[in-house]
Amino acid sequence: MSKLAAKDIHFYYGDFEALKGITMEMTAHTVTAFIGPSGCGKSTFLRLFNRMNDLVDGSRMTGLLSMDGEDIYARNIQVDELRKKVGMVFQRPNPFPKSIFENVAYGLRVNGVKDSGFIASRVEASLRAAALWDEVKDKLRQSAFSLSGGQQQRLCIARALAIEPSVVLMDEPASALDPISTAKIEELIFELKKDYTIVIVTHNMQQAARVSDKTAFFYLGELIEYDDTKKIFLNPRVEATQNYITGRFG
Amino acid sequence: MSPETKTGHVGRSKRRNQAIAFGIFRVLGFVVIAILFVIIGFIVIKGAGAISWEFLTGMPSEGGASGGIFPAIVGTLCLVAGSVLISFPIGVLSGIYINEYAHNNWVVRFIRIMNNNLSSIPSVVFGLFGMSLFVNTLEWGDSIIAGSFTLALLALPLVIRTTEEALKSIDDSFRQGSLALGATKLQTIRRVILPMAYPNIITGLILSIGRVSGETAPILFTVAASFLSHLPGSIFEPVMALPYHLYVISTSGTDIEASRTMAYGTALVLVAIVLVANLVANALRNFFGNKVKMN
Amino acid sequence: MKKAFKRFLERCTEGLLLLSGGTTSLAILLIVLFLFREGASFFKSPNIESGYVLAVHPENPVNHLSPEQIKRIFDSEIVRWDEVGGPAMDIELFRFSDMVQYVPEERLGADFEHVPAVVDSIVMAHPGMIAFYPEQFVAPEQQLKVFPEATIRPEDYFLGHDWQPTAHPAPQFGVIPLVLGTLWVSLFAVIFSLPFGVAVAVYLAEIASERIRKVFKPLIELLAGIPSVVYGFFGLVVIVPLIQKGFNLPVGETGLAGSIVLAIMALPTIITVAEDSMRTIPRSMKEASLALGATHWQTVYRVIIPCSISGITAAIVLGIGRAIGETMAVLMVTGNAAIIPHSLLEPVRTIPATIAAELGEAPKGGTHYEALFLLGCILFVITLVVSITVEIISSKQKSNLT
């Protein structure tokens with residue numbers, strides 16, 4: 001069974017229709033990449049899966065969006081419960097102005113975990129999973145702002161992993177980073193796939209090709225093509241996909 | 001043990017906390033607004049009974065316990081006019097200088113810090129200063145001109161700040177567009193920038209009128225007379241003023257109870273001035289805001 | 001030719017603009033100059049009522065008394081010389097008006113030409129006597145010891161516990177009760193308005209819909225625009241009677257009334273500044289918290305309030321600054337007794353209220369007048385410190401969030 005499924009999703013910002021009937025499914029333990037030019041709706045679509053768009057005034061969605069077969073926009077769904085299962089990493093590193101330790105512990109604390117031994121072990125495990133432990137283990141009490149941009153982003157990944165989500169959404173996680181930090185993040189994504197279902201939005205075609213199993217190409221609010229990454233990059237069915245990948249527009 | 005195991009219960013309690021906390025904040029928000037309505041409502045209801053044509057245009061009698069407040073209204077108008085005449089040109093010119101001429105160097109920072117400091121000085125200190133400089137050193141005595149200068153100093157930071165904000169909100173492309181056509185900087189400011197900025201500048205001016213008309217401490221020792229039964233003949237004479245009049249009749253006098261009605265009426269007139277200034281400023285902002293689409 | 005004239009005109013305008021830009025600096029300079037000039041001459045004033053002298057028996061070793069000691073001696077609170085460093089003797093008071101108790105009036109002479117001699121003989125006859133009489137009756141042939149002219153010392157002013165500017169024979173200019181009264185009232189005003197102010201700021205910045213915000217914000221600005229004398233009047237006719245009845249007090253004009261009125265007046269400042277600082281927190285910070293399963297409320301108290309703590313601090317400091325400088329409202333509702341406050345239910349007197357209430361009665365250029373200007377200097381310095389503190393705090397928040 002598919003992990004995430006979208007059926008005929010329409011999304012509106014006021015009168016503007018940002019998504020025009022998207023239907024697709026994502027399987028567990030895969031990396032799915034969303035590509036497409038700016039404004040094509042890929043980020044909007046991504047943010048539907050943890051209901052981040054609920055915060056936007058005057059927005060509206062129709063269609064069915066489900067995780068593990070459960071409608072995530074159903075009335076009885078509590079948004080904070082959902083967001084615990086669906087982690088998110090943002091475009092720019094956005095650590096809280098707290099210590100490194102407290103950043104990772106934040107998700108546990110707001111979800112009512114009080115056992116400090118358990119918190120400490122989760123923080124270590126998450127930092128290890130985000131390949132940051134060795135770099136920060138001696139300065140867990142220092143401010144998160146003392147880290148470099150790439151480290152901050154991995155800290156944000158660790159922060160998302162700490163509450164053991166089953167899905168991790170990544171919204172252009174490397175767009176603000178230098179090439180070396182980007183490589184580290186990509187390596188990390190490859191590792192995380194074993195335990196998590198990952199959806200990543202990216203501007204960078206090479207990145208999509210390197211890290212993802214499946215790729216979806218969005219254009220003007222529509223899903224143009226969705227297939228195995230290899231196929232999309234080597235032999236796309238649709239001409240628009242071909243044009244975008246080869247850099248003729250976008 | 002994983003966090004998942006406890007979630008059902010915790011989720012419910014954290015949502016309950018949110019409901020309680022936000023409920024409290026909502027109530028506090030409305031309490032503050034309620035306080036405002038209580039104050040204004042109280043003044044309006046109590047004061048409405050005192051307002052009449054005779055009250056607004058009559059001379060006071062019995063030390064303010066009866067009669068009208070006409071000299072106080074005239075006095076406040078004189079002071080507002082005087083202080084605006086002084087502070088407005090200086091304030092607007094100085095706003096133009098800060099935003100258009102001075103570059104972001106220490107001069108601007110210095111002027112801005114001084115401006116902030118000036119606006120944070122308590123009004124009674126302005127009163128002391130006005131007394132020392134205008135009344136005593138320049139020997140103007142208790143007079144409209146001394147009061148106007150003192151109030152002008154108080155209004156100056158406000159006028160400068162509004163002008164600065166008004167100019168800042170105009171996109172640089174307009175300046176560059178004009179300069180690119182060969183206009184000088186002065187021409188650009190006069191023909192392009194100021195016409196676009198003046199609605200906002202006027203709005204600031206009106207708000208500062210509201211502010212100046214209610215100030216009491218600066219005029220205590222520079223102009224205000226507690227009781228006059230004639231209108232001022234020149235700018236070198238003292239006048240009555242609404243806020244000072246309210247202070248006097250509500251705290252001193254032989255028959256405070258008898259002068260209460262007068263006090264309510266005077267307070268209502270003062271509040272009305274501020275209300276009207278705010279309403280006019282808001283209306284102007286909306287009117288011009290729709291007409292001139294900036295940035 | 002025409003072009004040169006145009007350029008000249010531009011230059012002139014620029015000069016004019018620069019001049020206007022300097023007005024505020026000039027104004028502050030003048031304020032400092034005039035305030036401190038009048039204030040500084042206070043310390044050159046005599047420490048007893050001007051035109052009078054104090055004199056004692058020549059064998060009395062005491063040469064100087066502080067204004068407080070003089071006052072307490074003449075109030076019979078100090079009755080022995082050894083309490084002020086003199087010999088073990090009782091103090092006998094001699095005021096000029098007591099003269100007729102010692103000698104019949106005709107002995108003073110038609111033009112009071114015998115007064116110096118009479119005073120001298122009275123004091124010489126009473127070793128423990130201290131005499132207070134007009135300067136004009138000091139004569140070289142007198143044997144009594146006239147105290148050398150002493151000025152008010154800074155410690156008498158800044159550390160004095162008594163403010164009685166019209167007291168005889170030594171006016172008391174101790175600012176401690178005024179300073180404490182000011183801080184007392186302002187502090188409680190901020191304590192009262194802080195929870196409301198921050199709550200309303202959170203409400204407006206985070207909870208209220210855009211539509212409610214658009215209604216509330218102008219209303220709060222309006223609250224800020226109402227003249228302080230109207231707040232004072234409202235406090236006088238509504239809050240003061242309520243306090244009097246509620247606490248069963250002889251008078252309702254108390255520090256509490258002042259604090260409540262000031263709290264209402266400080267609300268708009270606190271709300272606006274705190275709300276602004278909450279709204280400058282990057283959206284991404286809030287989203288990160290929500291994405292981790294935090295509720296909106298958890299996000300508010302774990303992320304938004306800690307992040308805007310310097311903005312909230314700035315709001316508090318600014319609120320205190322406003323409250324300290326507020327004059328009319330406080331003057332009208334606090335009862336204005338210059339005593340060191342022990343509870344909120346007693347009348348207190350603040351620095352600005354003292355200036356406003358007394359300057360009208362203080363003779364121009366006199367000691368009292370100068371003392372009031374010195375109070376103005378104190379206020380000026382306090383607000384300067386406040387405004388610099390605010391500047392530092394808010395620049396800290398800017399650098400914190402980048």
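Predicted model: local features only at pLDDT ≥ 70, side-chain atom pairs only at ≥ 80, totals over all residues.
1. Residues are numbered from 1 along each chain as its sequence is written, and chains are lettered from A and ligands numbered from 1 in the order in which they are written.

2. Helices (H or I, at least four residues) and strands (E, at least two) are DSSP runs, numbered from the N terminus.

3. Now for the inside. The largest nonpolar core has 258 residues, and B:A267, C:V230, C:V261, C:L262 and C:L375 have the most contacts inside it. Such a core is a set of buried Ala, Val, Leu, Ile, Met, Phe, Trp, Tyr and Cys residues joined through C-beta atoms within 7 Å. A residue is buried if 20 or more other C-beta atoms lie within 10 Å of its own, exposed if 12 or fewer, and partly exposed in between. Take C:L262: setting aside neighbours within four places in sequence, C:L262 touches C:V185, C:S186, C:A189, C:A323, C:E326, C:A329 and C:V330. There's a second, separate core of 23 residues, which includes C:F74, C:M129, C:I130 and C:F137.

4. How about domains? Chain B is assigned domain 1 (3-48) and domain 2 (53-291), with bounds that come from an automatic or database domain assignment. Their C-alpha centres lie 37 Å apart, and six residues of domain 1 of chain B are in contact with five residues of domain 2 of chain B. Chain C is divided into domain 1 (52-151) and domain 2 (176-400), and the C-alpha centres of those two domains are separated by 50 Å.

5. Chain A has an open sheet of six strands in the order β6-β7-β8-β3-β9-β10, with mixed pairing; two strands pair if DSSP finds at least two bridges between them. β6 (86-89) and β10 (222-228) are at the edges with a single partner strand each, so one side of each has no neighbour in the sheet. From one strand to the next, the twist averages 15°. Helix α6(A) lies across β6 and β7 of chain A and runs at about 170° to β6(A); axes are lines fitted to C-alpha atoms, for helices over the stretch in contact, and angles run from 0 to 180 degrees between N-to-C directions.

6. Zoom in on β3(A). Strand β3 (residues 31-35) pairs in the parallel sense with strand β9 (residues 214-219) of chain A over four bridges, and A:T32 has A:K214 as its bridge partner in β9(A). Four bridges also join β3(A) to strand β8 (residues 197-201) of chain A, again parallel, with A:V31 opposite A:I198. In a regular strand the side chains alternate between the two faces of the sheet. In β3(A), A:V31, A:A33 and A:I35 point one way, A:T32 and A:F34 point the other way, and all are buried.

7. Most residues other than glycine have a negative phi. A:D68, though, has a positive phi near 50°; A:D68 sits in the loop between β4 (59-67) and β5 (70-71) of chain A and counts as partly exposed because 14 C-beta neighbours lie inside 10 Å. A:E164 also has a positive phi near 50°, and its place is the loop between α6 (149-161) and β7 (167-171) of chain A. With 19 other C-beta atoms within 10 Å, A:E164 is partly exposed.

Conventions. Contact = placed C-beta atoms within 7 Å.
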